[in-house]
Amino acid sequence: MSGQKWMILTRNAVVCAMIVTLGACDRSAFGGHVYSIPWSDGALRDVGSKVQAGDVIQFLESDGTSSYSWTASSEFIAADRVFRTNDYAQALSLFRPLAEKGDARAQYRVGYILSYGNGVKRDDSAALGWMMKAANQGNAMAAYGVGFAYFRGIGTAQDFGQALHWFQRAADKGYTKAQIQMGVLYENGSGVGRDFVQARAWYDKAVALGDYQGENNIGVMYHNGLGVVQDYVQAADWYRRAAAHGNPTAEFNLFKLYSAGLGVPKDQAESRRHLSVAAEKGHAEAQFELGSFTENGNGTPIDARTAVDW
């Protein structure tokens with residue numbers, strides 16, 4: 001049965017429940033089909049297999065108001081399902097005609113595929129062009145992509161001012177990755193005056209929406225005394241919060257605190273535990289450090305074979 005309405009809540013489940021409870025959106029108006037989809041995921045994971053051609057997808061932005069509707073087409077659904085099988089070459093061939101007709105979500109997908117070059121020739125300049133088209137139609141993920149291109153100088157000259165502009169557009173829509181990047185720009189004074197208060201405010205916004213990289217970054221501010229009195233105890237507390245949410249950088253930062261006894265008792269066993277977790281989660285610096293620990297026997301038996309593995 002087509003013609004159903006689906007409301008996509010682009011925030012974490014707790015906040016979504018609050019929005020519905022507060023009456024900012026009416027669950028009944030959408031027939032009860034309410035789903036939460038992480039902003040970082042371009043695919044319609046929760047509803048992709050259920051949406052039919054003609055269904056209306058209503059996207060809810062960060063302020064609790066619906067920002068735009070999108071009517072699913074059979075062509076986009078077919079392309080999306082191929083995309084979720086990781087057959088990017090085939091997905092690109094299906095998304096491109098839709099993108100050329102002005103479908104913002106398809107434009108974002110084309111840019112995404114070209115930026116990674118998985119199964120297709122990587123083309124950073126073309127990827128940026130497609131992302132820009134989608135961003136100018138209000139697509140937050142695409143706006144973040146444009147901002148990141150300017151931030152890194154990928155497919156264009158590096159320009160922190162432009163990065164700030166595009167990250168801001170995405171951040172204002174509740175895209176937490178962009179909020180984190182806004183914090184980074186203000187923390188470092190890149191493209192804007194250095195402002196630790198603004199940096200902290202953006203990190204807090206991201207944390208409130210369920211992006212726990214912000215917890216680690218707040219910990220770094222206490223660790224280094226950025227806009228606050230240096231406080232290793234507070235730093236450790238924020239790192240623990242981020243680590244509990246699976247952040248490998250926070251695990252690595254806890255390793256450093258326990259190694260030096262900063263804000264926590266000096267404890268080589270606990271230090272090593274955090275280092276191991278960070279390494280297992282793919283943190284490159286932690287893997288290097290763990291290899292050094294193992295090779296030299298620092299807090300662990302000497303094991304050259306394990307050291308080489310890391």
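Colleague: Is F83 buried or exposed?

Modeller: This is a predicted model. The relative accessible area of F83 is 9%. Because buried means under 20%, F83 counts as buried.

Colleague: How are the planes of F83 and F95 arranged in their aromatic pair?

Modeller: A search of the whole structure gives 12 aromatic pairs. In the one formed by F83 and F95, the centres are 6.1 Å apart and the planes stand at 70 degrees. An angle over 60 degrees has its own class, so the pair of F83 and F95 is edge-to-face.

Colleague: Which helices does the pair of F83 and F95 link?

Modeller: The two residues are 12 apart, and the pair links distant parts of the chain. F83 belongs to residues 74-83 and F95 to residues 88-100, that is, to helix α2 and helix α3.

Colleague: Is F95 buried or exposed?

Modeller: F95 has a relative accessible area of 0%. The cut-off for buried is under 20%, so F95 is buried.

Colleague: What is the centre-to-centre distance between F83 and Y112?

Modeller: F83 and Y112 also form an aromatic pair, edge-to-face, with 65 degrees between the planes. This pair connects helix α2 with helix α4 (residues 104-116), 29 residues apart. For F83 and Y112, the centre-to-centre distance is 5.8 Å.

Colleague: Which residue lies over the face of F83?

Modeller: F83 is part of one aromatic cluster, whose members include F76, Y88 and Y108. Over the face of F83, at 4.5 Å from the ring centre, lies R109.

Notes: Residues numbered from 1 in each chain as written. Predicted model: local features only at pLDDT ≥ 70, side-chain atom pairs only at ≥ 80, totals over all residues. Heavy atoms only, no water. Phe/Tyr/Trp six-rings, centres within 6.5 Å; stacked < 30°, edge-to-face > 60°. Helix = DSSP H or I, 4+ residues; strand = E, 2+ residues; numbered from the N terminus. Buried < 20%, exposed > 50% of the residue type's maximum accessible area, 1.4 Å probe, protein only. Lys NZ or Arg CZ within 6 Å of the ring centre and 35° of its normal.
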